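Here is a colleague's note for someone meeting this structure for the first time. Please keep the sequence and the model side by side while reading.

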Amino acid sequence: MKVIIVSRTGEFSMEIGLKEPVLRIKQMIEQLLGVEVETQTLTVYGFELIDGLDMEDYPIVVEGTKIDLTIKDKELGIELDRNRIQITLKISRRRMNMDVDRTETVGSLKEKIHIIDGSSIKRLALSFSGIEMDENYRCLCEYGICEGSEISVFYKNVNLRRADQPSARRLSLVVQTSSSLLNSAKIPLEMMESSTIREMRQILLDEKILPQDDYFFIHKQRIMQDDCSIRWHGVEDGDFLYVFKGTVSREY
């Protein structure tokens, strides 16, 4: 499959196989760019690709996926991170600058604004270039956010649910493990769409489907947040959720 390697100096495409080791990809990048393997960090949607694994361990990587290449300066010992950008938030009549990761989600940005401003996350709405950023699970870069972008913050009235609105649905899902976890098992699961990812995780642990450990989940190439609902992530009936062993840290 073809993926896009994105660096500070530009981007280029690369053909890789599903069983391609992450280390082999770094070696190919070294041949192409002259960048030593030990100085490279490859990430997808903020999640690092580990040298000891193969690409089939990362179902988030599909045809056309952009893989970010960060290069560490060996002399300075620092990483030249192209994902970190500075944006401007326009809140009423005031403006404030904020450093963010271009791969973080709209929902994550709303959480940061909530911490700073104290406003209800349910009321927060964001817009960029006249377009409302109304899908919380999408990354900022998917809306064209880049260095110096200005995002307008406004507030919506939250109405009570109307009587004719449908109640929360029960969804049939499939939890797919990676090849390094339970030999790529496919686990059917029924959950209410109002349930959180943390609640889903606990069910899998309580029923001993997953061993007691730390896990994170991915839906449509996006890391799922524990305290957000299945509905919030845009999950539909019959969708696949991918589970990986480990934790994901976020900077705030």
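The points below take up an open sheet and then a nonpolar core.

1. This is a predicted model, in which local features need pLDDT of at least 70 and side-chain atom pairs count only at pLDDT 80 or more, while totals for chains, interfaces and linings use all residues. Residues are numbered from 1 along each chain as its sequence is written, and side-chain values use heavy atoms, with hydrogens and water left out.

2. Five strands form an open sheet with mixed pairing, in the order S8-S7-S11-S9-S10. Strands (E, at least two residues) and helices (H or I, at least four) are DSSP runs numbered from the N terminus, and two strands pair if DSSP finds at least two bridges between them. Strand S8 (94-101) and strand S10 (131-132) each have a single partner strand, so one side of each is left without a neighbour in the sheet.

3. S7 (residues 84-91) runs parallel to S11 (residues 150-155), joined by four bridges, and Ile91 has Val153 as its bridge partner in S11. With S8, S7 pairs in the antiparallel sense over eight bridges, and Gln86 stands opposite Asp99 there.

4. The largest nonpolar core has 22 residues, and Met14, Ile25, Leu49, Tyr58, Val61 and Ile67 touch the most other members. Such a core is a set of buried Ala, Val, Leu, Ile, Met, Phe, Trp, Tyr and Cys residues joined through side-chain atoms within 4.5 Å, buried being under 20% relative accessible area with a 1.4 Å probe, protein chains only. H1 gives the largest share of this core, four residues. Because domain 1 (2-71) and domain 3 (170-245) both give residues to this core, it lies between them, the domain bounds coming from an automatic or database domain assignment.

Definitions and conventions
Buried means under 20% relative accessible area, exposed over 50%, partly exposed in between (1.4 Å probe, protein chains only).
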